[in-house]
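Hello,

Here is the structure I promised to pass on. Please open it first, then read my notes below.

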Amino acid sequence: MIIINQLTVDRGNDMLFTKEHTQIAKGAAILLMLLHHLFGIAVNVDYFQNDFFSALGGFGKVCVSMYAFMSGYGLYLSYKAKGTLKPFSRILSLYLRYWIVLVFAIIPSMLIFDGEALKIGIVKTVMNFLGLYCTWNPNAWFMFPYFAFILLLPAVTKLISKIHNRAVQFFTDIFILFIIPIVFIVVFDKCVTLPSSGMVSYFLQSVLYGIVVMIPFFSAGYIFAKYNIFSKLKLAKLNIVLKIILSLFLIVACYFIRKIPTYSAYGMTYTDLIIAPVLILSFSMLIVDTNIKPLVFFFKKMGVLSCNIWLVHYIFCQGALNILTYAPKYPIIIFLFTVLLTVVAAIIIEFIYSLMTRLFGFIKNKIIKTKQKKLR
């Protein structure tokens with residue numbers, strides 16, 4: 001999804017989470033997302049019957065927590081390095097990708113296969129383009145929690161930086177970013193009944209409620225970056241064989257731990273606050289340390305394209321083209337076919353995005369030059 005491309009920070013000799021690890025972790029997360037939306041949701045059960053892939057699909061939901069963690073981690077490091085996040089630039093950049101997917105992929109596919117879904121009126125159409133009512137691309141709900149954290153992070157960082165005691169800073173971070181949102185969600189769930197349908201219900205549940213639910217998951221990455229937790233684990237000093245064995249063990253352990261019943265909201269369990277960083281570290285160490293070059297290349301490429309794949313995969317997994325996606329019948333072929341389709345679509349989206357940013361840059365430069373000439 002939307003994550004800083006470079007999470008590397010030089011803090012001595014215990015370099016553990018480099019740019020390569022970051023890209024691979026994003027690649028693993030987007031593959032888990034595809035598994036979840038292909039095999040882990042009820043709408044698709046008629047297309048296949050396979051308990052193993054259904055179980056993998058259910059586990060794949062952890063991808064949301066992984067993306068939120070990596071976003072929080074990267075945003076904090078970027079803010080500390082540059083002193084600003086340029087929030088509106090980031091928001092417009094993501095909106096541009098979202099609009100490209102709507103205009104060039106989702107709306108055309110709906111016109112061909114499901115024209116009635118487009119007949120929702122002007123207000124709902126505008127709300128869809130703003131991402132405030134995501135009936136055309138339901139997976140875009142993640143945008144507003146991301147936007148909210150971009151705006152929240154600088155304010156929280158400046159507020160807490162006024163506290164000089166490091167231990168007090170840490171517990172203040174925990175209180176503001178974890179305890180307050182979690183208590184709010186628990187109380188909200190028990191005391192408030194939302195309307196069951198309509199735009200107001202969607203806005204309350206998928207936008208405002210979604211933002212509060214996701215804040216702790218973004219904040220987990222923020223905390224790991226701020227307090228340098230990955231490097232303090234000293235795992236970089238382990239030999240390669242031990243790291244591979246440890247990575248495999250932790251991935252399997254996370255699968256079974258996530259099956260333990262615990263309080264959940266929005267499909268994420270709060271054990272994901274621990275599972276997400278463990279999986280991020282385990283998948284990235286496993287792929288990097290096995291050093292199978294085609295595998296490293298594949299995961300890195302998936303990571304680079306992950307934002308576009310996230311935005312476009314709905315039409316293949318749940319939307320108008322899912323009949324094509326499930327045509328192969330066998331789950332492993334369905335999965336590989338979906339990876340191929342989404343990668344091709346993501347590359348096309350990136351090409352259009354690049355053209356449009358160049359066009360906007362050209363127009364901006366023309367306007368600046370025109371203004372300069374008038375001033376002379």
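Five residues, Phe175, Ile179, Ile180, Val183 and Val187, make up a nonpolar patch on the surface. Together they have about 430 Å² of accessible area. Bear in mind that this is a predicted model. Phe175 sits in helix 7, which covers residues 166–191. Its relative accessibility is 45%, so Phe175 counts as partly exposed.

**The core**

The largest nonpolar core has 122 residues. Among those with the most contacts inside it are Met66, Phe142 and Trp310. Helix 8, residues 199–226, gives the most to this core: 14 residues. In soluble globular proteins, nonpolar side chains tend to be buried together.

**Salt bridges**

How many salt bridges does a search of the whole structure find? Five.

- Glu20 pairs with Lys300, with the closest N and O atoms 3.9 Å apart. This links distant parts of the chain, helix 1 and helix 12, 280 residues apart. Glu20 is partly exposed, at 29% relative accessible area. Lys300 is partly exposed too, at 27%.
- Asp173 meets Lys226 at 3.0 Å, N to O. Asp173 is in helix 7 and Lys226 in helix 8, 53 residues apart. Asp173 has 0% relative accessibility, so it counts as buried. Lys226 is buried as well, at 7%.
- Arg258 meets Asp272 at 2.9 Å, N to O. Arg258 is in the loop between helix 10 and strand 1, while Asp272 is in helix 11. Arg258 counts as buried at 13% relative accessibility. Asp272 is buried, with 1%.

**A bend in helix 6**

Helix 6 runs over residues 143–161. It bends by about 30 degrees at Leu152. A proline, Pro154, follows within four residues. What about the span of helix 6? At 1.5 Å a residue, its 19 residues should span 27 Å, and the end C-alpha atoms are 27 Å apart, so the two agree.

**Two positive phi values**

Asn291 is not a glycine, yet has a positive phi of about 55 degrees. Asn291 lies in the loop between helix 11 and helix 12. Its relative accessible area is 46%, so Asn291 is partly exposed.

Lys329 also has a positive phi, near 75 degrees. Lys329 is in the loop between helix 15 and helix 16. Is Lys329 buried or exposed? Exposed, at 59% relative accessibility.

Best wishes

Conventions: Residues are numbered from 1 along each chain as its sequence is written. This is a predicted model: local features need pLDDT of at least 70, side-chain atom pairs count only at pLDDT 80 or more; totals for chains, interfaces and linings use all residues. Side-chain values use heavy atoms; hydrogens and water are left out. The expected span of a helix is 1.5 Å times one less than its number of residues. The bend at a residue is the angle between axes fitted to the seven residues ending there and the seven starting there. A nonpolar core is a set of buried Ala, Val, Leu, Ile, Met, Phe, Trp, Tyr and Cys residues joined through side-chain atoms within 4.5 Å. Buried means under 20% relative accessible area, exposed over 50%, partly exposed in between (1.4 Å probe, protein chains only). Patches are made of residues with over 30% relative accessible area and no salt bridge: like charges are joined within 9 Å, nonpolar side chains (Val, Leu, Ile, Met, Phe, Trp, Tyr) within 5 Å. Accessible areas come from the Shrake-Rupley method with a 1.4 Å probe; for residues, only the protein chains shown count as cover. A salt bridge is a side-chain nitrogen of Lys or Arg within 4 Å of a carboxyl oxygen of Asp or Glu.
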